[in-house]
Amino acid sequence: MSGHDSKYFSTTKKGEIPELKEELNSQYKDKRKDAVKKVIAAMTVGKDVSSLFTDVVNCMQTENLELKKLVYLYLINYAKSQPDLAILAVNTFVKDSQDPNPLIRALAVRTMGCIRVDKITEYLCDPLQRCLKDDDPYVRKTAAICVAKLYDINAELVEDRGFLEALKDLISDNNPMVVANAVAALAEIQDSSARPIFEITSHTLSKLLTALNECTEWGQVFILDSLSRYKAADAREAENIVERVTPRLQHANCAVVLSAVKIILLQMELITSTDVVRNLCKKMAPPLVTLLSAEPEIQYVALRNINLIVQKRPTILAHEIKVFFCKYNDPIYVKMEKLEIMIKLASDRNIDQVLLEFKEYATEVDVDFVRKAVRAIGRCAIKLERAAERCISVLLELIKIKVNYVVQEAIIVIKDIFRRYPNTYESIIATLCESLDTLDEPEAKASMIWIIGEYAERIDNADELLESFLETFPEEPALVQLQLLTATVKLFLKKPTEGPQQMIQAVLNNATVETDNPDLRDRAYIYWRLLSTDPEAAKDVVLAEKPVISDDSNQLDSSLLDDLLANISTLSSVYHKPPEAFVSRVKTAPRADDEEFADTAETGYSESPSQGVDGASPSSSTGTSSHVPVKQPAAGAPAAPAPMPDLLGDLMGMDNSIVPVDEPTKPSGPPLPVLLPSTTGQGLQISAQLVRCDGQIFYDISFDNGTQAVLDGFMIQFNKNTFGIAAGGPLQVPPLQPGASARTLLPMVVFQNISPGAPNSLLQVAVKNNQQPVWYFNDKIPMHVFFGEDGKMERASFLEAWKSLPDDNEFSKEFTASVISSIDATIEHLAASNVFFIAKRKNANKDVLYMSAKIPRGIPFLIELTAAVGVPGVKCAVKTPNKEMVALFFEAMESLLK
Amino acid sequence: MISQFFVLSQRGDHIVFRDYRGEVPKGSAEIFFRKVKFWNDDEAEEAPPVFNVDGVNYIHVKVAGLFFVVTTMVNVSPSLLLELLQRIARVTKDYLGVLNEDSLRKNFILVYELLDEVIDFGYPQTTSTEVLKSYIFNEPIMVDAGRLPPLGPAAMFMQGTKRMPGTAITKSVVATEPGGKKREEIFVDIIERISVTFSSSGYILTSEIDGTIQMKSYLTGNPEIRLALNEDLSIGRTGSSTYDYRSSSGGGAVILDDCNFHESVHLDSFDIDRTLHLIPPDGEFAVMNYRITQEFKPPFRVTALIEEAGPSRAEVLLKIRADFSANVTANTIIVQMPVPSYTMRASFELEAGAVGQTTDFKEGSRRIEWNLKKIIGGSEHTLRAKLTFSQESHGNLTKEAGPVNMNFTIPMYNTSKLQVRYLQIAKKSKTYNPYRWVRYVTQANSYVARL
C-alpha cells in the first residue's frame, strides 16, 4: 500500500461516484483495493456511497484478507438499508465460512452476525453450527459471540436450532478464550430472558474457576461477573470459591481486581469463621488501595466503590485513611470522592490528622471543593462527639479568614452542630454574628436567622439583628422568609416586649397580605391564630424541644446498600443507584403474567385511536353532561369582549396563517358536538372538536350550510390559549352549496400562541367566510389529546418518579359518576388515549390501577385509580411536577372514564 | 456491553466512530461532547469519567488530548471499560508509533481493523499487540513524530538526557523500518511517581511511591526474559500502622505495600530469588506495578515563607535543596505557589548568577511560578518575590497563600532503591546480543509543601 490513507478523503470532485465505480471494477487488484478504501473513507465521513453496493460486493471474492475485511466493513454499514442487495453477499459468506483459512471462517461468521437483516440470519444458522464446533479456537470464540448476536436479532431461532446447548457445551472447551466468550454470550442471553438459561452448577463452577486462571484479563472479568451470581451452598464452598478467586486481587487490571472484590464480599456473607473474614479483609485492603495509583478515571470508579464497601465493612480500610488524602494534582471529581471517604473513615483516633487536612483544603482555590471541605468538618463534628469541640475551633479559625463562601458554609454546618449538641457551644454565637452583614446566600442567611431565633434569649440584641433582616423581607427568597417568620415568632415568645411585638406585627402582615407564596402565608396564619388564641400553646408548639439530629455520612439505607454491594464494580455502584433506575433494556416479554399487559398495549395501538377519543369527547367538549348535544350559544355575539379585538387583529393581520383553500375533504366518524348553532350562525352550523390521531392533534370540524347562498372562502383562527394550540395548516373547505355540509381534519400545532396565566381549557375560535360576518365560538380543550404515545413508563421509573415528587404534588379527586365495569376494558380504553397501564393490585374489594401519561415538554402524570368494579365512584390520585395542570387533567380523566 | 466506541478531538470532531449494537440513539457523540464541555455550566470543572444522559451511559478517558469514549445501555463494569479505553490507546500507539489526531486519521482503516479484533459485539476480545499481530493486515503509515507532545511515562526519556535513542518511543512495534531489518532491542523502565506532603514545619506528613516497571520489547522471536530484582525485597507491611514512619528500616530492605503483575509474568521463583520470568509480548506493557509507603528520603526539601512587609505588601521566600548526589541532575522543575486573591503585582529576585531560571506571576490563576531548567544534586536555590496587594491583608497570609507545589523529573534516579539486578535474555545464538536499556526515573506526582 502506498501513500497516506487520508488522501482517500480528498477526492470530492464532481462525478466521484462514477469514478469510484469504474475503479471498483478495475482489473487490477491494487486499484480495486484503493477504490474500496476510498469508499470506506467516504462512508466514515457520512457520505452516502450505498449506490456502489453491488460494485463493492463484487470485490468480496478475493483471497486478499485486507480487501475482504474492507468489503465486510462496508457491508455491515449498508446491509440494513439495502437488505435485498445484501443477499448477494450471502453465497460468499457461506463459502467463506468453509474456507481453509480459520481467519476467513471466523471473519465470515463475525460479519454475518453483524448484518441485522432477517433474510441473512436464516443463512447464518448452518455456518454458525459448523463454526461452533470448529477445530480452531479463534473460530469457536467468534462463533460463541455470534450466538449472542443472533439471539438479539431472533431469539426463537437460537432456541430452535439448539445454539444454547452448543454454547453451554463450550463452557467445557479446552481453550479459555472460548470459555470466556461462551460465558459472556450466555450471561447476555440470560439478561434478556426471564427463563433460566444459564445456571451455574457446582460442575460449571469448577470449570469456570479453572478457566479463570488462564484466560485473558477481559475473559477473567466475564467469568468473575458470572460467578458473582452463584450462591454457594455453604460456608465451606464459599471459602473454597474465595480461595480460588483471591489471587485475582494481584492482577494489574483494575476491573479484574474489582470483580474479584465483589465475589469475595458476596461469599463473605456466608462465611462464619471470624478469623477467615478478618483475614480476607486484610487481604483486600492493599489491592483496594493500589487502585488509587491508577489513572484518575479509574480512581474515581474505585472511590465510588470503596465508599460503599466502607459503609458495610469499615474495618477493611480503617487504618488507611492517609491514602485518601487529596493530592495536589487530583481532578476535582476525585477530590470530592476522597472527602466523602475521609468523613466515613474519620474516628477519634485519626480526627486530628483529618482536621488538619480539611483545614488545608478549605483554603484551596476551587470553590466547590472548599465548600465541601468546610461541610466535611461539620459532619465530623456531628459524627464524633468527642472531637466536636476541635472541629468547631477549626471552623471558627476559618471564619476568621473572612472568605465569604467559607464563612457562609461554616454557618450552615454550625447550625447543624447546634442541633446535634443543643446548649453546648452557644458561646461562639457572638463570633458568628460578626459576619452577619456579609451573608448573601439564602441557605447561610436562613441558618443564621435560625440560630438567632433559637437562641434569642441569650443574644442581647437579637431583636436588632432580626430587624436588620426584616427590612428586606419582601425581596428575600422563600427559604429565608420562612426562617425569618419563625425566628420572629420565637423572639416574641421569648421576649414579649414592645420591640418584638411591633416586629411580629410587621412580619405577619408581610407574610399574609403581601405574599403569594402559599407555604409562607399558611405558616403565618397558623402562627397568627396560635398567638391570638393561646400564647402558651404557641410556646409549646414553637419552642418545643427539637429531636437531636444524627450524622448523615452513612446516608444509604441498608437494603439499598446491600443491593449496591451486590453490584460492586458495575455502573450501579458508581451511580449509587440500583440498576433498574437507569437501565432501560427490558427483558423480552415472557409468557403468562405479563401477557395481559402486552395485550393491552398492543390493542391500544392497533385500534383506531380516534375512536376512543371520539367516544369520550362529547362530554368533555360540552363540559356539563354527556347527552346535551348542543353547546350553549356563544352569548349572541362575541362572548368575551376582551379577547375579541385580539382575535380580530390576528385574523386580519396575519394573512399567511389563514389560507383559503377549496379542496374537498372527506367527512368521517361520528357526529361532532355543535359549537355554533345555526340560529346563531345565521343558518351556518359549525361542529368541531379536538382529536388525536397517529400522534398528531387535529381539529375535526364540520360545516352545515343552512343558508340560501353558497358559502366559500372559509378561514379559521384560534385565540391564544393555555397550550398554544394553533392551526398547523390551511382550512380545507370547498365552497358550500345551500344545504350541503363539509367535514375536515385540520392539523394543529401546539405551543404557538400561548396565553399567559393559570391554565384553563378554553379555546376561542373565530371562523369567517366571504359571505358572512366573523363567527366566534368557544370550545373546550380536552387535555387527553396531548397525552403522548411516549407516555408509558417502566415500573421502576414510575416508582422512582413517584417517590421523588414531594407529597404536595399529589392530588386526588373522586369521579362519583364514573363506573368501571371491567378492568381490562378500562385499561384498553385508556391506552387508546395514551394513558398507559403499569401495574395493578387489589386492596380489599377495590382494584388499584397505576398508570402513566405524558404531555408535551415531558411533563408526566403518575396516576393511581381506585375503584370497585361495577360500583359507581372512581378515585383518581395523580402526582405530577406541574401542579397547575392538575385541574385540567382531572377534567380529562373524568371524561375518559365516562 | 459496549454499544459504541468513538474518539473525538478536543474540538469535538469525530476521528473514529464505531457502532457495535445500533441501540444508542443518533447524536450520542454530540451529546457526550456538550455534556463534557459544559459540565456544571462551568468549563473549569472536569466531568467525571462515568455519567448517564437519558439512559445512555458514557464512559471516557482523555489520552493525548483526545477523548476515548464508549457508550453502553446496560449495567456493566465501568473499570473494565476504562481499562479497555486506555488499552486501546496503547495498542493504537504500539501500531502507529505516535498517537494523535493526525496519525489516527491517516491510519483510519488500520484503526477500524484493530477495533474489529479488539471488540466484538461490544465484548473486549484481546488488547495484546502480540496477539493482534496475527490478525491485522494493514501496515501503519508513519507520521512525523517531530514536535509531537510525548505520551506515557516513558516519553520523559525524550527530553533532557541524550542517553537514549529518542526515536524508540515513537517507533511502531510492528512496522518494518526503512533499513529493512529491525533493530533488536528491549527497554525496561523503572518509573516512580512520588507524592510527598511537607507540613509547615518541614515535617513529612505523607509520602508514597507509585512505581511501574515498564517494558517495551522489539525482540524478534519472543525469547524468554529473566528480570531479577533486589534480593531483600519484601511485600506487605507487617506492622500495620501507616502513621509510623520511623519504624521501617531506614536504609536496607525495600518493602512494598502491594504489587501486581502483568499476566505474562511467571512468579514461580519470585518468592525464592525475586526473579520474574516472562516472555514479553510485543508492545508496551507494565511488567509490575508497586506501591510503597515506607519511609524514603525525599529528593527535594522545599521551604516556603510568606511574611507581611508593610500594610499591603508581602514577601515570599522559596528555597529548594536537592538532596541527591551530584552526578544526578533533575530537569524541568516547576515550583508553583498560589498567592492571596487580591495580589496585584509580583516582582522577583533570583539568586546571583542564576542560569536557566524564569519566573512568572499568573494573574488569572493568582499564583507565582518558578521554572528551573535543571538542578544538580546537592545544590540549593532560592527565590524571593515581593507581592503588592490591592487591599490590606486579613492578617492571615499563610491561610490565603500556598501550598507550594513542585513538579520535576529526575532521570537515572530511583527513590525506592528498587533495582533490576540483571536482565537476562535467553540466547538464540552466540552472536545474538540485543540492546538492553534499563532506565530509572523519578517524577513528582503530588509534591507539596504547606505554609
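Guide: What follows begins with a pair of helices in chain A and then turns to two other parts. The model is a predicted one, and within it helix α26 of chain A, residues 478-494, and helix α28 of chain A, residues 518-533, have axes that come within 10 Å and cross at roughly 5°. Because angles under 35 degrees count as roughly parallel, that crossing makes α26(A) roughly parallel to α28(A). On the α26(A) side the contact is made by A:A478, A:Q481, A:L482, A:L485 and A:V489, which meet A:D519, A:L520, A:R523, A:A524 and A:Y527 of α28(A). Sorted by class, the residues in this contact of α26(A) with α28(A) are 7 nonpolar, 1 polar and 2 charged.

Elsewhere in chain A, UniProt, in an unreviewed entry, places the feature "domain: Beta-adaptin appendage C-terminal subdomain" at residues 787-898. Over residues 787-898 of chain A, the chain is 28% helix and 35% strand, with the end C-alpha atoms 18 Å apart.

In chain B, the part to look at is an open sheet of 4 strands, which runs in the order β14-β15-β10-β25 with antiparallel pairing. Its edge strands are β14 (265-266) and β25 (420-425) of chain B, each of which pairs on one side only. Within the sheet, β10 (residues 225-229) and β15 (residues 275-278) of chain B pair in the antiparallel sense over 4 bridges, and B:I225 has B:L278 in β15(B) as its bridge partner.

How values were computed: Residues are numbered from 1 along each chain as its sequence is written. Chains are lettered from A and ligands numbered from 1 in the order in which they are written. This is a predicted model: local features need pLDDT of at least 70, side-chain atom pairs count only at pLDDT 80 or more; totals for chains, interfaces and linings use all residues. Axes are lines fitted to C-alpha atoms, for helices over the stretch in contact, and angles run from 0 to 180 degrees between N-to-C directions. Angles under 35 degrees count as roughly parallel, over 145 as roughly antiparallel, 65 to 115 as roughly perpendicular and the rest as oblique. Two residues are in contact if their C-beta atoms, placed from the backbone, lie within 7 Å. Ala, Val, Leu, Ile, Met, Phe, Trp, Tyr, Cys and Pro count as nonpolar, Asp, Glu, Lys and Arg as charged, and the others, Gly among them, as polar. UniProt positions are given in the numbering used here, feature names are shortened, and annotations may be inferred rather than shown by experiment. Two strands pair if DSSP finds at least two bridges between them.
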